[in-house]
Amino acid sequence: PSHIAVLTSGGDAPGMNAAIRAVVRSAVYYGKKITGIYNGYEGLINGNFQELNSRSVKYILNQGGTFLKSARSDRFRTPEGRKQAYDNLAKTGIDALIVIGGDGSFTGAKIFSEEYDFQVIGVPGTIDNDLYGTDFTIGYDTATNTAIECIDKIRDTASSHDRLFLVEVMGRDSGFIALRSAIAAGALDVIMPENDTTYDHLVETINRAGKNKKFSNIIVVAEGNKLGNIFEISNFLKGKFPHLDIKVTILGHLQRGGSPTVYDRVLASKLGVAAVEGLLIGRNKVMAGVMHQQIIYTPFEEAITRKAYINPELIRINKILTI
Ligand code: F6P
């Protein structure tokens, strides 16, 4: 390619700015033109383009959010929207696209790339960590660090009042944030889509904690769990354990913001460079990822549809440590 475009799409994630910077700087390094597209696929359809240079991305490495802004675009799901997007790219002379985002963004990228035979590479940017083909997605490490900072604080007050807190963390369909936060914060249990927690199991766990003289407890609840809404879970437990003081905290979008951790900055830097270098060697319709310290390129199809793997070892460790 001679002219590359970059956009961020879907829910923002800390480290997206670092990834944009890496894409822009490596494109310049290899003598390519580089254009930033604002507002994700919406900006692609609206022609919201800005040519960038290496100085355009100064001082963003450490900033949360995405300076290119992000959106979830319904119009890009339509053939008319994608046609408009293609026309804008062709008119500007752009011949390759880098999409930084999650599974929804890659689904759109795949369809577009097939429809117009357009070269596209994805960079995994989502706090959820729910993509196959990379050990970590950009933003996951920062989000879990933010979550445990909050849970540590909740634990202080839980302990002072001998309370049980249910803490909801993000993860639309997955428990990656929940499990990692639960282990790092020493939570009593974790309710997530992957472990099919039942009410009986919860009752048993809380009874066991009582027998072991644990008077204050945290249970981490993944937003996408299958047991139920956190308030339903709390009401059920209040009915079963009327003597317990049970509180609910939802961490919500706190987890999406903040300065990226070292891990996320380095990962974003690696993947931004890998995306540009992948384009240069002719890779197409793939996501750049890091598995076992190696850069790998996984077809969009697989990245989206193969189930990202929750390490069973982490589930086992959590069970042992919450005795
Ligand atoms: O995909 C990232 C994520 O933060 C999910 O964990 C969450 O379910 C969703 O986005 C929330 O989306 P929105 O910010 O559009 O409400």
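This is a predicted model: local features need pLDDT of at least 70, side-chain atom pairs count only at pLDDT 80 or more; totals for chains, interfaces and linings use all residues.
The C-alpha trace spans about 70 × 35 × 30 Å.

The protein chain exposes about 14200 Å², and carbon and sulfur atoms supply 51% of that. Buried residues make up 53% of the 323 residues. If you display contacts between residues at least 6 apart in sequence, 75% of them join residues at least 24 apart.

Next, select the ligand and the residues around it: Arg-72, Thr-126, Ile-127, Asp-128, Met-170, Gly-171, Arg-172, Glu-223, His-253 and Arg-256. Which side chain has a polar atom 2.7 Å from an oxygen atom of the ligand? Click on His-253 to find it. Then pick Arg-256, where a polar side-chain atom lies 2.8 Å from a ligand oxygen. At Gly-171, look to the backbone instead: a polar atom there is 3.1 Å from an oxygen of the ligand. The protein covers 77% of the 400 Å² of accessible area that the ligand has on its own.

For the last stop, select Asp-103, where UniProt, in an unreviewed entry, places a "binding site" feature. You will find Asp-103 in helix α4, which runs over residues 103-116. Is this residue buried, exposed or partly exposed? Asp-103 is partly exposed, with a relative accessible area of 29%. Leaving aside residues up to four places away in sequence, Asp-103 touches Asp-130, Leu-131 and Ile-304.

Notes: Residues are numbered from 1 along each chain as its sequence is written. Side-chain values use heavy atoms; hydrogens and water are left out. UniProt positions are given in the numbering used here, feature names are shortened, and annotations may be inferred rather than shown by experiment. Helices (H or I, at least four residues) and strands (E, at least two) are DSSP runs, numbered from the N terminus. Buried means under 20% relative accessible area, exposed over 50%, partly exposed in between (1.4 Å probe, protein chains only). Contact means heavy atoms within 4.5 Å. A residue is near a molecule or strand if one of its heavy atoms lies within 4 Å of it. A polar contact is a pair of N or O atoms within 3.5 Å; within protein, one must be able to donate a hydrogen and the other to accept it, and residues adjacent in sequence count only if both atoms are side-chain atoms. Accessible areas come from the Shrake-Rupley method with a 1.4 Å probe; for residues, only the protein chains shown count as cover.
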